[in-house]
Structure formats: C-alpha cells, structure tokens
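Keep the sequence and the model side by side as you read.

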Amino acid sequence: MRLSIERKPIRVNPDPKRVIARFFFNGNDRAKEVIERVMLISEDDAFGIVSPLLQEYSKRHRNITRVLNRHCSKLKPLFLELNIDFDTLTVYRKLLIGSYFTHEYSIESAAFFNPSIVEDPDQTELEDGQRRVIISFRAVGEGHISSITFRRALIDKDNNISIQPAGSYIDEAEIVRNAIYNKKLFFEKAAITQINIDVISELESKLDHHFEYANLRRIIMDSQKLQEDDMKRLEYDKVLWLADSYYEIVFSLDTDISDRVIFPISEYERKGIEDARFVQFTNDDGSKLYYATYTAYDGSLIMPKLLQTTDFYNFKIMPLYGAGAQNKNLALFPRKVNGKYVMISRIDGCNNYIMYSDKINIWEKPVMLQQPKFSWEFVQIGNCGSPIETPDGWIMITHGVGPMRRYVLGASLLKLDDPTVEIGRLREPLLIPNSDEREGYVPNVLYSCGVIVHNNKLIIPYGVSDSSTAFAEVCLDELLKKLKAVI
C-alpha cells in the first residue's frame, strides 16, 4: 500500500504581470535606421515622446532611466559607424533611443514550476517551530525560455506554509566577467561542444596555462580579422560563447529576493536555464554555502552548470566538466562523504548514476546506482534534488516516468557512509498526479528539484503539470520505516 501523504492547501501560480525590461535588437541595419530616425526629431519632440514613457514605465520598473541609458550605451559601435558623437547626445535623446531598444518580457507568462527549497540564511526573529525558507522556481516565458526566480516562505510549527508576497519590481543582475580559465579544462569543454578542432588548436597555442577573459577575447578578435570565411569566424565566436559561460552576477542590496531573476546570459544558455537544484552545503569546518546545479540549453546542446552563493545576492556560475557531467539531472549531496564531494547524475537519460570528486566542478567515473525497476518508472528514473541526510541513510526523492509519459515521485534510501549502496526503494509511487493536477502546460507531470525536513516531516514542493507549484508532506519516520522494509 502507498504511504499516506498530505497535500497542502496552497498553490503558487505564474504571474504574467511580473515583467523585466530587456534589450531589444533586430540586427545592425535595422538598428541604424531607427537611430537615424530618432536623430531627425527635434529636442522638444524627443522630450515630448519620452517624458510620458518614463512616467508610465517607472511604475513597472525600479529604475527605468538606468535601463534605457544602459540599452542606449550598447549601441555605441553603431553610433560610431553613423559618425554620431555619442557623448554630445542630450539626456532625453539617449533615453528615447534606449526606449526603442527595450522590450518588456514576462518571465512567468507560460509556467512556474520545478521548485527546490532550502533554509534561508536569515533565521532571526522567529518563534519556536518556525523556519524561513527560500524556494527557487523554473519560470517560463515567451519562446519557452526558462529562468530562475525565487520566493521567500515561512513554515510554522504545524508545517503550514506561507508564501511571502512577491515584490513589485524585477531586476536583472550586474554581470561580472573576472574568471581565470584553466586552459586544459576549457578546451576539453570546447571539444565536447564540437567547436572546429583547428580553431581550438590555434587558440590553445596562443594562451597560457591559465588565462583571463580579456586576453582570450583579444586573441579571438585578432584571429577573426584574418578570416574571410564567415563560417570559420563563427567558430571563433563559439569559443567566446563558451567563455561567457563563466561569470558572476551581483544583485542590488535593495532588492527583495522575489525581485531577483537569473536570466540566460551566455549564448550556451540562450534557450533557458532549467531545473535548478539548490542545496545548502556544509563544509568540513561547519561553514555553510549554497550550490545549485542546473541545465543550460542553447536549443540543441545541453550544458550542466554550477551556481554558488552565500547570500542570494552574489552568484558565481561555471560549467561542470567530466564524463559524469553530461545530460540533465545532476544533484549534489549536502556535504562531503568520506572526504569527497558526491553527485547524482543521469548521464544516459534513463538511469541514476553516482560519482565522487575532489573538485566541485570536475566529475569523472560515474557508477550506475539505479535502473528502472517498477512499472511506473520503466521509461526512466531520475533524482528530484539533493538527498536528505538521516541517521538511517540518505533519502533520495526520485521521479519515475511510466505509461502515457506520466511523471510520478518515488523515494529511495542510500547507505549513509556509502551512498553507492541502495538500502531500499518504494515499490509504489510516493506521489502521483490527482485529477486536479493532470492538466497543464505538460499534462500528467509531477516534478520536484529539492525537498526539506521540518518538524520531522518531509516537505515536498513540486511542479504541477509544468504550470504551477504545489506542496505535500509525509511523515519522515513512516517513510523511513517503509524504505527500510523494502529491499
């Protein structure tokens, strides 16, 4: 018989009113035409057009003038080609030009799902039995482009969950490119992404063992100038796109966490940042930080990446390397085991693997951990976020895909000091879509990217048919009892 599980009377739905002001660009030729048209407008007309725009959109964006100025500044090379002195433009003309190269993007207009949940760094001013948490979501907007968004929530002593209201504004982060690249690892990744081998060999010969972004960019620009073949120039661009996959982002300290959106930045994630699995990681010295594994997608290539933060304001992002860092579904254990980092992966698309590493970003030698065993997971089995540590072993929530491509949640128990050993696995699903959860963007799908334990209950946030997010809980003792009884 299936375990008793309680669904919470709460649902987090997408909000199409949550929009972000993004750079809008239709190519150099059309951009130059727009600039020339705006330059023909008198100063009074420019002010008359942009003034009501500022009044209207200041109600929808925290600092719309800063956004418009930033977008206008992106066009400086085109002003140079048009023989226009950018520095002599008036404030209002710059703002007006910026407005023509800005569009609103509704980050949650299509779906809001696949959540993970971690303890908030701030646990001050709480009552006994309360816990403040941060929930991440995969938000999908126009063009099926995914980003990472957040909500803060409070769990009380009775495990009631209150989602804090979202802020009125959404902010993109400032991007900082200050990575130092390891040449060997960088070009191994370049080979995997099928960049032209001659281009890789040439650039390798010109770079030091460790190099900076600015140096790589300068060498690429110089090499492209010597190329007449457009396709070959594109191969150099691909190397730069890979370098763009390493970056830091910084959010303003005056933003609420619900205001912060991690939007695709590099070319290799231009089609989406998918299914972030956040985990609070405890170092050997007891200090804590947060990691998240996620899938970057460019429309054809999947690139697993790692995100790191201590405060949810500053994030460091990098690709993951190695034979085990392939495909989707990577989930990091919340601490080292036997002195090594541990990761679950699904490198072949249908089975769970486990691997150890001395370095957080290099994953080799994956070992098969689980294969589909029961009818409800015959198509594939995968993890639903980082395992949860208990005295009896590591609880790993899984997803299984069965008939009619129905996604359900299951659970397994791994040995505490050797998680390559599976102690038990539920024979029946832990959670299946009910009649209210079967309809949505992708029907018949329940999916989670991370769970948490509170007051001896396992709390499971889960995506409902890729459309919204719901919550359920199960008694931890009853789950462990069931898992230990199933061999």
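Start with the lining of the largest pocket: by class, 25 of its residues are nonpolar, nine are polar and 16 are charged. The model is a predicted one. This pocket has a volume of about 2,000 Å³. Its lining counts 50 residues, and those closest to the centre are Arg 22, Phe 23, Lys 74, Ile 175 and Ile 265.

Now turn to the second largest pocket. Its volume is about 420 Å³. The lining here comprises 21 residues, with Gln 280, Pro 334, Pro 387, Ile 388 and Ile 452 closest to the centre. By class, 11 are nonpolar, five polar and five charged. Which strands supply at least two residues each to this lining? They are E4 (111-119), E13 (272-282), E22 (388-390) and E27 (452-454). E13 gives the largest share, four residues.

Next come the strands. Strands of a sheet pair through backbone hydrogen bonds, either parallel or antiparallel. Begin with strand E24, residues 407-414. Eight of its eight residues are buried, so E24 is largely enclosed by the rest of the structure. Look at both of its faces. Tyr 407, Leu 409, Ala 411 and Leu 413 point one way, Val 408, Gly 410, Ser 412 and Leu 414 point the other way, and all are buried.

What does E24 pair with? Strand E23 (residues 393-401) runs antiparallel to E24 and is joined to it by eight bridges. Within this pairing, Gly 400 has Val 408 of E24 as its bridge partner. The two strands form a hairpin, with five residues between them. In that turn, Met 404 has a positive phi of about 60°. E24 also pairs with strand E25 (residues 422-425), again in the antiparallel sense, over three bridges. There, Ser 412 has Arg 425 of E25 as its bridge partner.

A further sheet is open and has four strands, in the order E17-E18-E19-E20, with antiparallel pairing. Its edge strands are E17 (331-332) and E20 (367-370), each of which pairs on one side only. Between E18 (residues 341-345) and E19 (residues 352-357) there are five bridges, and these strands run antiparallel. Val 342 has Tyr 356 of E19 as its bridge partner.

Now a helix. How many of the 10 residues of H5 (residues 91-100) are buried? Seven are, so the helix is largely enclosed by the rest of the structure. The buried residues of H5 are Arg 93, Lys 94, Leu 95, Leu 96, Ile 97, Gly 98 and Ser 99. Their cover includes helices H1 (28-39), H2 (43-57), H3 (64-73) and H4 (76-81), along with strand E3 (102-106).

Finish in the interior. In soluble globular proteins, nonpolar side chains tend to be buried together. Here the largest nonpolar core has 61 residues, of which Phe 150, Phe 186, Ile 262, Phe 278 and Phe 312 touch the most other members. Strand E14 (residues 288-297) contributes the largest share of this core, six residues. Apart from this core lies another of 25 residues, including Ile 397, Ala 411, Leu 431 and Leu 458. Ala 411 is also one of the buried residues of E24. Return to Ile 262 for a close look. Leaving aside residues up to four places away in sequence, Ile 262 touches Ser 147, Ile 148, Phe 150, Ile 249, Phe 251, Ile 273, Leu 307 and Phe 315.

Notes:
Residues numbered from 1 in each chain as written. Predicted model: local features only at pLDDT ≥ 70, side-chain atom pairs only at ≥ 80, totals over all residues. Heavy atoms only, no water. 1 Å grid on protein atoms, 1.4 Å probe; cavity = no way out; pocket = protein on both sides within 12 Å on 5 of 7 lines; lining within 4 Å. Points joined across faces, edges and corners; volume = space filled by probe spheres on them. Nonpolar A, V, L, I, M, F, W, Y, C, P; charged D, E, K, R; others polar. Buried < 20%, exposed > 50% of the residue type's maximum accessible area, 1.4 Å probe, protein only. Pairing = 2+ DSSP bridges. Contact = heavy atoms within 4.5 Å. Core = buried A, V, L, I, M, F, W, Y, C linked by side-chain atoms within 4.5 Å.
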